[in-house]
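Subject: Structure handover

Hello,

Here is the structure I promised to pass on. Please open it and keep it beside this email as you read.

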Amino acid sequence: MKRLRLLCALIGFTSLPAAADMASLSKEAFVSNLISQMTLEEKIGQLRLITIDEKMTPEKIREEIAAGRIGGTYGSVSRFVNRPMQDASQQSRLKIPMFFGWDVIHGHRTIFPIGLALASSWDIGAIELSGRIAAKEASADGIDLTFAPMIDIARDPRWGRTSEGFGEDTYLVSRIAKAMVQAYQGTSPNAPDSIMASAKHFALYGAVEGGRDYNSVDMGLARMHQDYLPPYRSAIEGGAGAMMVALNSINGVPATSNAWLMQDLLRKAWGFKGLVISDHNGINDLVQHGVAKNHREAARLAIKAGVDMSMNDFSYGPELQGLLESGAISQSNIDNAVREVLGAKYDMGLFEDPYRRIGIASEDPADNNAEHRLHRAQAREVARKTLVLLKNENGLLPLKKEGVIALIGPLAKSTVDIMGSWSASGVAEQSVTIYDGLKNAMTQGSLIYARGANLEEDQEVVKYLEYQGVSKIENDPRSAAEMIDEAVKAAQQADVVIAVVGEPRSMSHEAASRTSLDLPGRQSELITALKATGKPLVLVLMNGRPLSIGKEHKQADAILETWYSGSEGGNAVADVLFGDYNPSGKLPITFPRSVGQIPNYYSHLNTGRPYIAGALRNYTSQYFDQSHGPLYPFGYGLSYTNFSLTDMALSSTTLSKTDNLVASVLVKNTGQRDGETVVQLYIRDVVGSVSRPVKELKNFQKIMLKAGEEKAVHFSINENDLKFFNTQLEYAAEPGEFRVQIGLDSQDVKEQSFELLSEQGSG
Ligand code: BGC
């Protein structure tokens, strides 16, 4: 408050507002007044988000801040590093506080499972818990804003960033987008334990052609609105304070210079009132995109299109003044952007107290990564909900905590990979590996380990992956044959074999697109050799995208998808393997049989000649050289118990536009164990003015049933659930027949029909 008083005095509020009046001092009035006091240089300074790296010494950074030439940072993640920078801002003429941003994507010091894994929980409460803890930990380290959630719909698993997002489905991703924003921002972005959410990447980044990172997106408007844009809108509805702009182009115009995207759609149509930040270097990339001759033009295009703040700025700082003086941009282009930066800082509570999240030095943690700062119990609780049981022949799982277990595989002891990509400020040494997790859980019996294979042997690929700096590929120098031999010997001594295979995390990352979805390295050969021992074989997958594991599916007796499960991953995996937790995860993305099937998302159109199971396979839409359909469908995941569904009941066979109807099923746990499952509601619009998908997820409920218990699950359906964007981009429901499907995955469903009546009361 003292600082605010000083600031108010400096910027011309003649008397200090009393505490009670603070609330009445509108944000707009405060920000406008401040802008009216600023020089051009100070304004441009606010638009610069600089990266903390070796390019500038800390002294130089502080000097720049004190001169009002920097608005925020990316990459400084502790109170004692941020405090001197905030001190410098308080020495600047107007004392405008800095904000400190960081990629807090799935945890901060405690690493939670990656986005794709969180989505596999279908448990909004668990997802929120991960976001809330991330915000608490990050804010306690002086972070004000996160470049998250990452809510790009991903339907092409070749794209390495599939791992960061929440999967292929518009409804599921939209629900999670809102939940994550609210979890980060808590009661308000200005709370000391909240961080502002900068949702990303606006827009359509997940639809890059061929899954090749940074590539172009070419898409019709109806599809954009129907399938790809809703998550961003949902983040805004959740109150996201900021948006990060995508690196791809959209129908030829890069997102970063796209006025339609940032103004017509984001601000005018959706009413977004927050801050728009470019991606790292995104403005300069406009030159490579071929829409700007040089950085000056790039800066002009970006600011005119609506990018308020330039991340890793090398364009706004040097170019905006010249652009203004030459008349290429207007004063209002700059002022509008400054208004958003100051508005965001106001919302983060920084004008009230620039040290809101930095605190006082005497209270700084002695060790930022101290164990007591972690939230291990919650990380384990969330992680076990994200694991998806893909196969469990003859009830091999859960295992007994006895006998001899051979743990094989290059990822079984990895502390780094289990954290997944974008693991913020997590420390690998604090990860519980799968080896550790099993060891911790085993009260009797023994665990023998063999590496079995390297993750990647092609030295060119290794070089590429390591260049990214995400992690080292620690290759065993022994030959593949030697390693497999050792693994087979270990397997022969064991009662059961657990093979932990998948991708190093650097393969499921930014700039990590693949042309193959096979297990990399010699892991497939390893599995074949393990299978040949005749021992019961459990595959534990660690990967950030669906893999094509048709062969391994046949070979293994049980398969558990664990994604990258974070700091407590090993314990969570052990909980499931030994049955201390009954798996309840469901796939948020389709697993293809092969890379050639991509894209094969579940909510596709029917086509004029749909595939017909069992029919003569001519002249229908399919690949003739492979079985039709996915290996594992969207929404799929097993449990250690069994669930049955009764036929569905509809409260009515007609629905008027102002009414609702209820679809109900009885779900019964027919097995011997308590367990959770996800009841999924899909709807198909049978005849529309445009072809509509064969099904679209519209709702779900995750329910717990005791062994033998039966529960009625009800879904209410109204006109809003039936709306779509027609060719005129009108969002409306069309009267006629709809099919309601309820199931425990997207394929195996119960179905009923109803008719949506027109206004007049008939179809
Ligand atoms: C990524 C963003 C990220 C930024 C800062 C960029 O390369 O695309 O998602 O927030 O780097 O790390």
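How far is an oxygen atom of the ligand from an N or O atom in the side chain of Asp 103? The distance is 2.4 Å. Keep in mind that this is a predicted model.

**The ligand**

There are 13 residues around the ligand. The nearest are Tyr 74, Asp 103, Arg 161, His 201 and Asp 279. The side chain of Asp 279 has an N or O atom 2.5 Å from an oxygen atom of the ligand. For the side chain of His 201, the corresponding distance is 2.6 Å. Select these residues together with the ligand and look at them.

**Cavities**

Rolling a probe the size of a water molecule over the atoms shows where empty space is left. This structure has four cavities of 30 Å³ or more.

Strand S21 (675–685) and strand S22 (696–705) each give the lining at least two residues. S21 supplies the largest share, with three.

**Helix H21**

Now go to helix H21, residues 523–532. Its buried residues are Gln 523, Ser 524, Leu 526, Ile 527, Ala 529 and Leu 530. What do they pack against? Two of the partners are helices, H20 (480–492) and H22 (550–555). The others are strands S12 (404–408), S14 (496–502) and S15 (537–542). Just after H21 comes Gly 534, with a positive phi of about 80°.

**Two loop residues**

Start with Asn 369. It sits in the loop between helix H16 (331–347) and helix H17 (376–385). Is Asn 369 buried or exposed? Its relative accessibility is 19%, so it counts as buried; the cut-off for buried is under 20%. Beyond its neighbours within four places in sequence, Asn 369 contacts Arg 109, Ser 425, Val 427 and Gln 430. With Ser 425 there is a specific atom to look for: the side chain of Asn 369 reaches the backbone oxygen of Ser 425 at 3.4 Å. Thr 110 is 259 residues away from Asn 369 along the chain, yet their C-alpha atoms are separated by 9.0 Å.

Then look at Ser 639. This residue is in the loop between helix H23 (569–577) and strand S17 (643–645). Ser 639 has a relative accessible area of 15%, so it is buried. Which residues does Ser 639 contact, leaving aside its neighbours within four places in sequence? They are Leu 389, Asn 582 and Pro 583. With Asn 582, the side chains are joined by a polar contact of 3.2 Å. The side chain of Ser 639 also reaches the backbone nitrogen of Thr 641, at 3.0 Å.

Best wishes

Terms used:
Residues are numbered from 1 along each chain as its sequence is written. This is a predicted model: local features need pLDDT of at least 70, side-chain atom pairs count only at pLDDT 80 or more; totals for chains, interfaces and linings use all residues. Side-chain values use heavy atoms; hydrogens and water are left out. Helices (H or I, at least four residues) and strands (E, at least two) are DSSP runs, numbered from the N terminus. Buried means under 20% relative accessible area, exposed over 50%, partly exposed in between (1.4 Å probe, protein chains only). Contact means heavy atoms within 4.5 Å. A polar contact is a pair of N or O atoms within 3.5 Å; within protein, one must be able to donate a hydrogen and the other to accept it, and residues adjacent in sequence count only if both atoms are side-chain atoms. On a 1 Å grid over the protein atoms alone, a cavity is a set of points where a 1.4 Å probe fits but cannot get out, and a pocket is an open set with protein on both sides within 12 Å along at least five of seven lines; lining residues have an atom within 4 Å of a point. Grid points are joined across faces, edges and corners, and a volume is the space filled by probe spheres set on the points. A residue is near a molecule or strand if one of its heavy atoms lies within 4 Å of it.
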